[in-house]
Amino acid sequence: MKQQTEKKNIMDYDTVRLDEEASAVVILDQTRLPGVIEEISLRSAEELYEAIYLLKVRGAPAIGVAAAFGIYVLAKQIEALDPDAFYREFTRLKEYLESARPTAVNLSWALNRMQRVAFSHRGKATVDVVAHLKEEAVAIWQEDIDVCKKIGEYGLSLVKPGDGILTHCNAGQLATSRYGTATAPIYLGQERGYHFRVFADETRPLLQGARLTAYELMASGVDVTLICDNMSGAVMKNGWVDAVFVGCDRVAANGDTANKIGTSVVAAVAKYYGIPVYVCAPTSTIDPDTPDGAAIRIEQRPAEEVTEMWYRRRMAPEGVKVYNPAFDVTDHALIAGIVTEYGIARAPYEISLAKLKGMAE
Ligand code: MRU
C-alpha cells in the first residue's frame, strides 16, 4: 500500500517504522526521493525482500531495523500446526530476508538477534514467542537511535566549529532510524552552532549522496555543497576539507571497512592531503568473524545501474562490459579512527575493535 502524506520536511518522517495495527513495516521509499515523499507498507516476505534488494530501504542500520520489524510481522502470519513447523518456517523466512543483500552485516546481525529470541522461547505458546519478537524488534530500532546519537558525540569531538567535512554516499538519517552515523556529528554540530561546511559526493551509480545526503542536510539547514565523485580531490587540494566522515557496512577484525563504492578512493586521496578519515560505525557493524577486507563479500549489482539509470537516454554502448560492485574496502591504514557508540577505535584495530565490541556484549 502506498501513501503520500502532507508532512513537509523529510526529517519529520521515520525511515522505517512498525504499523502494528496494519501488521506492516512502513518505509520511506528512498528510490523516489527527493522528488516524491512516499511511504509504503510491506507485509509479505517478497515485498520485504524486494524493498531491501531495490534499495527502497537502504543503509546498513536501516536495513537491519527493517528486517527485524519484517521478521516479526512475518512470524505473526505463520500458520503452523505445531511448534516445529513454526520454527522451520521462521528459519526459512529469516534466511530468505538475509539473502537480499550480502555486504551489510547489520542485516544478518539483526535477523540473528531475532532468531536467538525466537529459539530462546521455544516451548512457549506461539503468541508469546511472537510478543517477544516484537519487543526485540522495537529494542533494535530504539537502540539504533541511541547509538547514532552517541556516535555523533564522539564524532563531534574530532572537529571544530567552521570545519569543512566531506562525506560519501548516505550514512544519514535516511540510512538509520535517526541522526545517521557519519551525519550524526554534523547534526549535533548544527544544533550547537558549529557552522560546518559539508561536501557531499554524488556517489555514482545510485546517487545516494545527491538524492539523499544533500537532500536531508539541506532540509536540516546544514551548509551543504554537492560535488561529483571525481571532484573530491580538487576540493581537498583547495583546503576546504578538514575531515572526512563516512559510514560503513561491515568492519573486519583488522579495521578494514566495506562502504559504498568509491569510499576507498576518497580515503586514499585524503591520506595524500593529510586529511583524517573517520569511519562511523555502530558496534553492530563490527564483524569479528571476518578477519580482513579480503574476506568481505562484495555485492555485485545490475549493469543497467551504470549504463542507463538516471539518464534520459542510455549513455553507454549496447553490449559494453560493466563492472558494478556496490561497495569497496578501505584499507585500515587509510583510516584515522573508527567512531562507535562506545568510543573511537584507533590502530592497532585488532585490539581496539575487540575491546569496543566486548563492551557491547
Ligand atoms: O547501497 P546502500 O545505499 O545501502 O549503501 C549504503 C552505504 O554504503 C552506507 O554508507 C552504509 O550502509 C552506512 S549507513 C549508516
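## Helix packing and cores

Helix 1 passes helix 3 in a right-handed crossing. The model is predicted.

**Exercise 1.** Describe how helix 1 and helix 3 pack, and list the residues that make the contact.

*Solution.* 
- Step 1. Two packed helices are described by the angle between their axes and the distance between the axes.
- Step 2. For helix 1 and helix 3 the angle is about 20 degrees, and the axes lie 9 Å apart.
- Step 3. Angles under 35 degrees count as roughly parallel. Helix 1 and helix 3 are therefore roughly parallel to each other.
- Step 4. Helix 1 brings Ala45, Glu46, Leu48 and Tyr49 to the contact. Helix 3 brings Leu93, Tyr96 and Leu97.
- Step 5. Sort these residues by type: six are nonpolar, none is polar and one is charged.

**Exercise 2.** Find the residues that touch the most other members of the largest nonpolar core, then trace which elements supply this core.

*Solution.* 
- Step 1. The core has 46 residues. Val16, Val25, Ile27, Val57, Phe69, Met114 and Leu133 touch the most other members.
- Step 2. Strands 2, 3 and 4 each supply at least two residues of this core, and so does each of helices 1 to 5.
- Step 3. Helix 2 gives the largest share, 12 residues.

**Exercise 3.** List the contacts of Ile27, leaving aside its neighbours within four places in sequence.

*Solution.* 
- Step 1. Take Ile27, one of the residues that touch the most other members of the largest nonpolar core.
- Step 2. Ile27 is in contact with Thr15, Val16, Glu38, Glu39, Ile40, Leu42, Ala51, Lys56 and Val57, with those sequence neighbours left aside.

Note on methods. Residues numbered from 1 in each chain as written. Predicted model: local features only at pLDDT ≥ 70, side-chain atom pairs only at ≥ 80, totals over all residues. Heavy atoms only, no water. Core = buried A, V, L, I, M, F, W, Y, C linked by side-chain atoms within 4.5 Å. Buried < 20%, exposed > 50% of the residue type's maximum accessible area, 1.4 Å probe, protein only. Helix = DSSP H or I, 4+ residues; strand = E, 2+ residues; numbered from the N terminus. Contact = heavy atoms within 4.5 Å. Axes fitted to C-alpha atoms, helices over the stretch in contact; angles between N-to-C directions. Parallel < 35°, antiparallel > 145°, perpendicular 65-115°, else oblique. Left-handed = near helix turned anticlockwise from the far one by under 90°. Nonpolar A, V, L, I, M, F, W, Y, C, P; charged D, E, K, R; others polar.
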